[in-house]
Amino acid sequence: MLLLSSLFKGLLLISCCISLKGSEWKEKAETFELELQQCYKAQSRLSEQLVVEVAECRASKALLQEKEDVITDLQNEITKARDEYAKLKTTLEEKTKALELVMSENQERKAQLEEMTIKAKNAEAENKMLIDRWMLQKMQDAERLNEANAIYEDMIDRLKASGLEQLARQQVDGVVRQSEEGAEYFAESTIPALIKHKIQAHEGGCAAIIFGYNSDQLITGGQDKSIKIFDTNTGASTRTLYGCLGSVLDLTITHDNKSVIAASSSNNLYVWDVNTGRPRHTLTGHMDKVCAVDVSKISSRHIVSAAYDRTIKAWDLNKGYCTNTIIFHSNCNALCFSMDGQTVFSGHVDGNLRLWDIETGKLLSEVVAHSLAVTSISLSRNGNMVLTSGRDNLHNLFDMRSLEVCGTLRANGNRVASNWSRSCISADDNYVAAGSVDGSVSIWSVLKADIVSTLREHNGSVLCCSWSGLGKPLASSDKNGVVCTWI
């Protein structure tokens with residue numbers, strides 16, 4: 001019994017112990033279950049991370065493969081570039097050697113060229129010296145010949161001039177002036193009343209018109225830089241002279257009708273051969289626009305010109321250069337030779353009329369002609385009277401011998417258009433014609449000093465008038481380039 005009791009107690013004790021252990025084991029089992037659940041959760045998270053990392057790993061492997069391919073391509077390109085570089089380096093070395101060779105040859109050629117240049121300069125200097133000596137000798141020979149010819153021509157011209165001057169004073173009924181061979185015939189001038197031709201001669205203004213000597217040719221010069229020759233019988237243009245580089249401000253023609261000379265705003269004078277229409281000379285030397293030109297009454301080789309550089313120049317057409325220069329403080333607007341061919345009249349901006357010895361440049365006489373600028377000077381056919389026009393709208397007649405005013409012509413409404421407006425005297429010295437700003441042309445009787453006719457056809461200011469040496473027609477031109485002939 002005791003044994004059973006002990007056994008029972010032991011069993012109870014064991015059961016108690018087992019129950020105690022079972023509760024502990026239960027708690028541990030629960031704890032293990034919780035831990036197992038957490039492990040499962042962690043495993044799940046790790047599995048997800050593993051999937052992501054595997055995907056990333058695969059992507060990285062693909063990217064790595066691409067990079068490796070790129071690296072391979074770049075390595076191939078580098079290899080090619082190295083090969084190319086090697087080739088280029090070889091080529092460069094060859095080119096460098098060739099360049100060095102060319103440079104050495106160039107240095108040799110340059111040295112040879114310098115030697116040849118020195119030799120050429122020496123030869124050129126020697127050649128120039130020889131040419132200068134030859135030209136000097138030729139010029140001296142030509143000067144001696146020209147001087148001899150000039151003396152001979154001047155003697156002949158003076159003889160002719162003295163004879164013509166006497167014959168010019170011999171008027172038979174005021175109709176015909178007779179002379180020996182080479183005489184000038186013209187009919188008595190009549191008062192113009194009717195327009196014969198109206199010609200659009202130039203584009204722009206026409207400031208210069210002249211008639212040929214004993215000729216029905218009318219020469220005009222315009223702002224369009226051209227000189228035109230018209231037949232006054234038909235009004236048709238027969239020739240145009242080109243080569244002028246500026247507006248034509250004045251014209252003159254030699255007494256043999258062979259050469260036309262134009263004064264231009266381009267600072268030059270231009271000389272043409274009338275028969276061929278070709279330029280003969282371009283006379284340079286003025287420093288400003290040339291506004292006036294005239295040819296000697298006794299010689300076709302001597303001319304004078306005036307410009308706005310305050311100079312008057314004498315020229316020799318045979319030689320083609322200036323023979324004398326007169327410098328004066330007042331600009332000259334107009335000039336003309338006297339009958340002796342030795343003196344020149346000039347009209348200036350200060351309103352004075354001056355007389356010069358053209359050979360010496362000496363001022364012989366000076367008178368106050370106008371209160372404002374002189375615009376025109378014309379010498380009468382007999383050489384005894386000088387007509388001047390001015391910006392004071394007066395037209396004065398001076399006695400050639402005393403330079404005293406022997407007549408003053410004026411008219412209401414007759415106003416001078418510009419500093420280079422040209423008036424004229426008729427061939428028989430009985431009438432004066434002058435244009436006006438209003439487009440009219442006034443005709444005065446010299447004896448009566450009164451208006452005998454007013455011609456109206458121009459639509460612009462009349463700039464120039466010229467009377468034919470044959471007695472008629474009268475020509476006028478305006479700022480629109482229109483030329484009218486009147487009978």
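Reader: Is W467 buried or exposed?
Author: This is a predicted model, in which local features need pLDDT of at least 70, side-chain atom pairs count only at pLDDT 80 or more, and totals for chains, interfaces and linings use all residues. Residues are numbered from 1 along each chain as its sequence is written, and side-chain values use heavy atoms, with hydrogens and water left out. Buried means under 20% relative accessible area, exposed over 50% and partly exposed in between (1.4 Å probe, protein chains only). Because its relative accessibility is 7%, W467 counts as buried.

Reader: How is the pair of Y431 and W467 classed?
Author: Rings of Phe, Tyr and Trp (its six-membered ring) pair if their centres lie within 6.5 Å; planes under 30 degrees apart count as stacked, over 60 as edge-to-face and the rest as tilted. Here the centres are 6.3 Å apart and the planes are at 20°, so the pair of Y431 and W467 is stacked.

Reader: How many residues apart are Y431 and W467?
Author: Strands are DSSP runs (E, at least two residues), numbered from the N terminus. Y431 lies in strand β25 (residues 431-435) and W467 in strand β28 (residues 462-467), so the pair links distant parts of the chain. Their separation is 36 residues.

Reader: Which kind of aromatic pair do F328 and W356 form?
Author: The structure holds 4 aromatic pairs. In the one formed by F328 and W356, the centres are 5.4 Å apart and the planes at 80°, making the pair edge-to-face.

Reader: What is the relative accessible area of W356?
Author: F328 is buried, with a value of 17%. W356 is also buried, and its relative accessible area is 3%.

Key: Helix = DSSP H or I, 4+ residues; strand = E, 2+ residues; numbered from the N terminus.
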